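The sequence and the structure are shown first, and a description of selected features follows.

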Amino acid sequence: MTAAVHTRSSADLISAEEPVLAHNYHPLPVVVARAEGTWVEDVEGRRYLDMLAGYSALNFGHRHPALVAAAHRQLDRLTLTSRAFHNDRLAEFAERLAALTGLDMVLPMNTGAEAVESGIKVARKWAYEVKGVPADRATIVVAAENFHGRTTTIVSFSTDETARAGFGPFTPGFRIVPYNDLAALEAAVDDTTAAVLLEPIQGEAGVVIPDEGYLTGVRELTRRKGCLFIADEIQSGLGRTGRTLAVEHESVVPDMLLLGKALGGGIVPVSAVVARRDVLGVLRPGEHGSTFGGNPLAAAVGTAVVELLETGEFQHRATELGVVLRDGLSELVGKGVLGFRARGLWAGVDIDPAFGTGREIGERLLREGVLVKDTHGSTIRLAPPLTITEDELSGALGALEKVLTRG
Ligand SMILES: Cc1ncc(COP(=O)(O)O)c(C=O)c1O
């Protein structure tokens with residue numbers, strides 16, 4: 001990485017944002033100017049280990065050479081057609097993504113929230129046309145503490161008051177049940193139910209992993225009751241947990257998968273609804289769309305991402321280094337860490353409030369050259385790029401121990 005050259009300091013750039021940028025985030029006080037692999041560099045040239053990886057959008061690290069090369073090749077040829085015309089990159093992307101996930105058809109979108117919205121629309125349409133639910137009566141069952149995005153419909157079934165307050169009226173048609181509770185799910189699903197929509201691991205809730213057997217139970221229940229199982233793998237998918245998909249830990253195949261974040265390789269927003277033919281097949285021309293969804297640049301980067309995942313290397317790394325992460329965190333339990341949940345290279349770490357809030361721990365780690373993000377007050381989330389080395393991971397765990405034990 002070459003040194004950053006800047007005429008404005010971090011402090012200057014942070015205060016310049018204040019009057020002109022909507023205050024919907026509260027970022028840590030670091031202004032990133034460059035990045036490569038697992039490392040980012042601020043405008044003063046200080047380096048930080050990235051233990052957040054863009055909320056898993058950077059599973060392959062910053063500017064992975066194969067992804068950047070694919071983007072450059074495509075930038076020099078064709079970037080956007082709209083779906084008014086075919087483009088020569090989309091078929092391969094869809095074919096390979098469907099093959100990677102074991103499903104049949106792909107609906108390309110851009111952001112995660114758009115994939116969720118699209119999945120909801122497809123599930124409702126499927127309910128009316130295939131299942132025979134009376135018009136406008138379809139329901140979708142979701143879990144408490146979910147995070148599926150920020151649109152009006154999606155916050156309609158959020159249980160996070162901060163995400164909802166002031167944004168009503170909300171979209172009807174959702175039932176909320178406790179996560180990891182099959183009996184509650186059984187009671188909520190009825191003849192109007194189009195789908196059960198769940199995160200196989202709840203990311204924003206603090207990497208909440210359901211009991212072994214829960215996902216298998218959801219699969220069995222949805223099949224028996226004749227509704228769809230939609231797995232939102234926007235954060236848990238694409239290598240993060242040590243498998244291509246988190247549902248693979250229980251060998252479950254959902255009817256519909258929602259993917260995003262890492263599908264764009266940290267370069268462009270790429271998301272997708274991937275489903276069986278009898279489900280996605282309900283869409284006909286004009287019923288749904290997106291100007292940018294499936295654009296050739298996104299398809300080229302997405303195909304390169306699928307190619308990386310086809311090697312199995314990243315899933316393998318997440319599994320192997322996940323052991324190092326788990327062992328390191330186990331050492332910290334009772335020394336500032338109350339407990340943690342981890343799968344692959346993904347952990348939610350509950351900090352003992354006596355040692356500081358999640359935000360304070362994040363600020364202290366920043367001073368040690370490590371970037372993390374707090375969630376829900378006293379939990380920090382660790383989700384490094386899957387390219388991280390064992391030494392780098394050990395360094396991050398050492399920094400966490402230092403800020404917990406020495407402040
Ligand atoms: C599980 C899940 N679904 C959906 C989203 C929304 O994705 P986006 O921010 O790209 O709209 C997120 C983002 O964190 C997520 O974690």
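What is the volume of the second largest cavity?

## The enclosed spaces

The second largest cavity has a volume of about 30 Å³. The structure under discussion is a predicted model. Lining this second largest cavity are Phe-93, Pro-108, Met-109, Val-270, Ser-271, Gly-294, Ala-298 and Ala-299. Two elements, β4 and α11 (296-310), each give two or more residues to that lining. Sorted by class, the lining of the second largest cavity holds six nonpolar residues, two polar residues and no charged ones.

Over the whole structure, a search finds two cavities of 30 Å³ or more. For the largest cavity, the volume is about 50 Å³. The lining of the largest cavity consists of Met-51, Leu-365, Val-370, Val-372, Leu-382, Ala-396, Leu-397 and Leu-400. Helix α14 (residues 390-406) provides the largest share of this lining, with three residues. The lining of the largest cavity comprises eight nonpolar residues, with no polar and no charged residues.

The largest share, five residues, is that of β4.

In the lining of the second largest pocket, 12 residues are nonpolar, nine are polar and three are charged.

## An antiparallel sheet and a helix across it

An open sheet is formed by four strands in the order β11-β12-β15-β14, with antiparallel pairing. At its edges are β11 (337-342) and β14 (373-375), each of which pairs on one side only. On average, neighbouring strands of the sheet are turned by 30 degrees against each other, direction ignored.

The antiparallel pairing of β11 with strand β12 (residues 347-351) extends over five bridges. Within this pairing, Val-337 has Ile-351 of β12 as its bridge partner. Helix α12 (residues 313-332) lies across β11, β12 and β15 (379-382), and the helix runs at about 165 degrees to β11.

## Backbone geometry in the loops

Most residues other than glycine have a negative phi, and most peptide bonds are trans. Ser-82 belongs to the loop between α3 (65-75) and α4. Because its relative accessible area is 23%, Ser-82 counts as partly exposed.

Glu-145 likewise has a positive phi, near 65 degrees. This residue is placed in the loop between β5 (139-143) and α6. With 44% relative accessibility, Glu-145 is classed as partly exposed. A cis peptide bond, with omega at about 0 degrees, joins Gly-168 and Pro-169. Pro-169 is located in the loop between α7 (161-164) and β6 (174-177).

## Two further residues

Is Ser-156 buried or exposed? Ser-156 is buried, because its relative accessible area is 10%, which is under the 20% limit for a buried residue. Ser-156 lies in helix α6 (residues 152-156). Leaving aside residues up to four places away in sequence, Ser-156 touches Arg-164, Phe-170 and Thr-171.

Gly-289 is situated in the loop between α10 (277-280) and α11. With a relative accessible area of 51%, Gly-289 is exposed, as the limit for an exposed residue is over 50%. Gly-289 and Ser-118 are separated by 171 residues in sequence, while their C-alpha atoms are 8.9 Å apart in space.

How values were computed
Residues are numbered from 1 along each chain as its sequence is written. This is a predicted model: local features need pLDDT of at least 70, side-chain atom pairs count only at pLDDT 80 or more; totals for chains, interfaces and linings use all residues. Side-chain values use heavy atoms; hydrogens and water are left out. Ala, Val, Leu, Ile, Met, Phe, Trp, Tyr, Cys and Pro count as nonpolar, Asp, Glu, Lys and Arg as charged, and the others, Gly among them, as polar. On a 1 Å grid over the protein atoms alone, a cavity is a set of points where a 1.4 Å probe fits but cannot get out, and a pocket is an open set with protein on both sides within 12 Å along at least five of seven lines; lining residues have an atom within 4 Å of a point. Grid points are joined across faces, edges and corners, and a volume is the space filled by probe spheres set on the points. Buried means under 20% relative accessible area, exposed over 50%, partly exposed in between (1.4 Å probe, protein chains only). Contact means heavy atoms within 4.5 Å. Two strands pair if DSSP finds at least two bridges between them. Axes are lines fitted to C-alpha atoms, for helices over the stretch in contact, and angles run from 0 to 180 degrees between N-to-C directions.
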